[in-house]
Amino acid sequence: MSGSSLLPASLILVGAGKMGGAMLEGWLADGLPGERVAVIDPNPAPAMVALCAAHRIALNPAHPSEPEALVLAIKPQGLEAAAEGLAPLAGPATVVVSVLAGKTIANLKDRLPRARAVVRAMPNLPASIRRGATGAAASPETSEDQRRTAHALLASNGLVEWLEDENLIDAVTAVSGSGPAYVFLLAEALAEAGIAAGLPAEVAARLARQTVAGAGELLGRSPEEPGTLRRNVTSPGGTTAAALEVLMAGDGLAPLMRDAVAAAKSRAGELAG
Ligand SMILES: NC(=O)c1ccc[n+]([C@@H]2O[C@H](COP(=O)([O-])OP(=O)(O)OC[C@H]3O[C@@H](n4cnc5c(N)ncnc54)[C@H](OP(=O)(O)O)[C@@H]3O)[C@@H](O)[C@H]2O)c1
């Protein structure tokens, strides 16, 4: 996790919806003083208006000046319309951090022609509880200090992995960006299997949900590899081993997951631009 000392001296957040709001809450929790922040959002939710008032954050200032960091968290399809107003804010000394799915560093530079340091990041849903996983890539002009600033901004919401090759963001999207949905599906499938095994539907749903949440929490807290944790709960010849024999068969979960991630990666490539 970041310390507030690495967070920027001035910051503008553009788009204070689900992801932008979660990031803002992370920065405040990390000690970023609200006075250093401005939020631009034409239609902020009442909770955002209240948060800004409580922390003395400038909401939709009339004449925002060029900040040290400009964080873009609008919908990707909104970039074109927003770009004209944003271009004057993204100067050569500003680090632009974008979480816009599918928008490449080149797309962002096209829209923000004075910007040099551009970081393209792909966070995921658990960012909202500061347990996110983010992949990030930076334009070559991004200085070490700017990269540290971007890292601090992204690390307020969880793990950050830097990629030297921006093209790998599609793979990040397929693994961690879309990954929470795979885990939710696992809870659904486990509940359905529980019903098939004779459990009442609501009991199966509660047991499956808590099992996925509890195992995830355990994994998050443990220093062990997932494979070690799995082996630790698998006695030879026991019930878990019987199930894993099915899940780890040649046509089991691993090839299915490879296909699923490959499909998501290829779709991310199609949607980019
Ligand atoms: N949510 C996730 O888990 C997740 C994960 C990875 C990446 N992302 C990325 O995060 C970005 C935001 O997603 P989200 O789920 O947070 O969407 P969202 O909840 O719709 O938030 C977008 C916010 O931006 C506002 N906005 C629209 N046009 C604007 C403009 N010109 N200037 C300033 N603000 C503007 C929207 O206002 P209105 O509602 O009035 O239009 C809304 O409050 C997307 O690009 C997405 O690809 C999200």
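**Entry 1: annotated sites**

I began with the UniProt record, an unreviewed entry, where the annotation "binding site" covers Ala73, Ile74, Lys75 and Pro76. The model I am reading them in is a predicted one. I found Ala73 in the loop between β4 and α3. Is Ala73 buried or exposed? I count it as buried, because 23 other C-beta atoms lie within 10 Å and the cut-off for burial is 20 or more.

The annotation "binding site" in the unreviewed UniProt entry also covers Asn60. I located Asn60 in the loop between β3 and β4. Asn60 has 15 other C-beta atoms within 10 Å, so I noted it as partly exposed.

**Entry 2: the sheet**

Next I traced the strands. I get an open sheet of eight strands with mixed pairing, in the order β3-β2-β1-β4-β5-β6-β7-β8. Which strands are at the edges? They are β3 (58–59) and β8 (158–162), each of which pairs on one side only.

I then took the pairings of β1 in turn. Strand β1 (residues 11–14) is parallel to strand β4 (residues 69–72), and I record four bridges between them. In that pair, Ile12 stands opposite Leu70 of β4.

Towards β2, I again record four bridges from β1, and these two strands run parallel. Here Leu11 stands opposite Val37 in β2. I followed the chain from β1 to β2: it passes through helix α1 (residues 18–29), and the β-α-β crossover is right-handed.

I looked at β2 (residues 37–40) on both sides. In a regular strand, side chains alternate between the two faces of the sheet. In β2 I find Val37 and Val39 on one side, Ala38 and Ile40 on the other, and all of them buried, so that both faces are covered.

The pairing of β2 with β3 is parallel and has two bridges. Ala38 has Ala58 of β3 as its bridge partner. What hand does the β-α-β unit of β2, helix α2 and β3 have? It is right-handed, with α2 spanning residues 46–54.

**Entry 3: the shell around the ligand**

I listed the residues around the ligand. There are 26, and those that come nearest are Gly15, Gly17, Asn43, Ala82 and Ala101. The elements giving two or more residues to this shell are α1 and α3 (79–86). Which element gives the most? I find that α1 does, with three residues. Sorted by class, the shell holds 16 nonpolar, seven polar and three charged residues.

**Entry 4: positive phi**

I checked backbone angles and wrote down two arginines. Arg56 has a positive phi of about 55°, although it is not a glycine. Arg56 is in the loop between α2 and β3. I count Arg56 as exposed, because 11 other C-beta atoms lie within 10 Å and the limit for that class is 12 or fewer.

Arg130, likewise not a glycine, has a positive phi of about 60°. I place Arg130 in the loop between β6 (117–122) and β7 (132–138). Is Arg130 exposed or only partly exposed? Arg130 has 16 C-beta neighbours inside 10 Å and therefore counts as partly exposed.

I turned to the domain assignment of the protein. It gives domain 1 as 4–170, domain 2 as 179–230 and domain 3 as 234–273. How far apart are the centres of domain 1 and domain 2? Taken over C-alpha atoms, they are separated by 33 Å.

Last, I looked up Ala205, which lies in helix α8 (residues 201–221). Ala205 has 18 C-beta neighbours inside 10 Å, so I noted it as partly exposed. I set Ala205 against Arg116: the two are 89 residues apart in sequence, and their C-alpha atoms are 50 Å apart in space.

Terms used. Residues are numbered from 1 along each chain as its sequence is written. This is a predicted model: local features need pLDDT of at least 70, side-chain atom pairs count only at pLDDT 80 or more; totals for chains, interfaces and linings use all residues. Two strands pair if DSSP finds at least two bridges between them. Domain bounds come from an automatic or database domain assignment. A crossover is right-handed if, with the strands pointing away from the viewer, the path from the first strand over the helix to the second runs clockwise. A residue is near a molecule or strand if its C-beta atom, placed from the backbone, lies within 6 Å of it. Ala, Val, Leu, Ile, Met, Phe, Trp, Tyr, Cys and Pro count as nonpolar, Asp, Glu, Lys and Arg as charged, and the others, Gly among them, as polar. UniProt positions are given in the numbering used here, feature names are shortened, and annotations may be inferred rather than shown by experiment.
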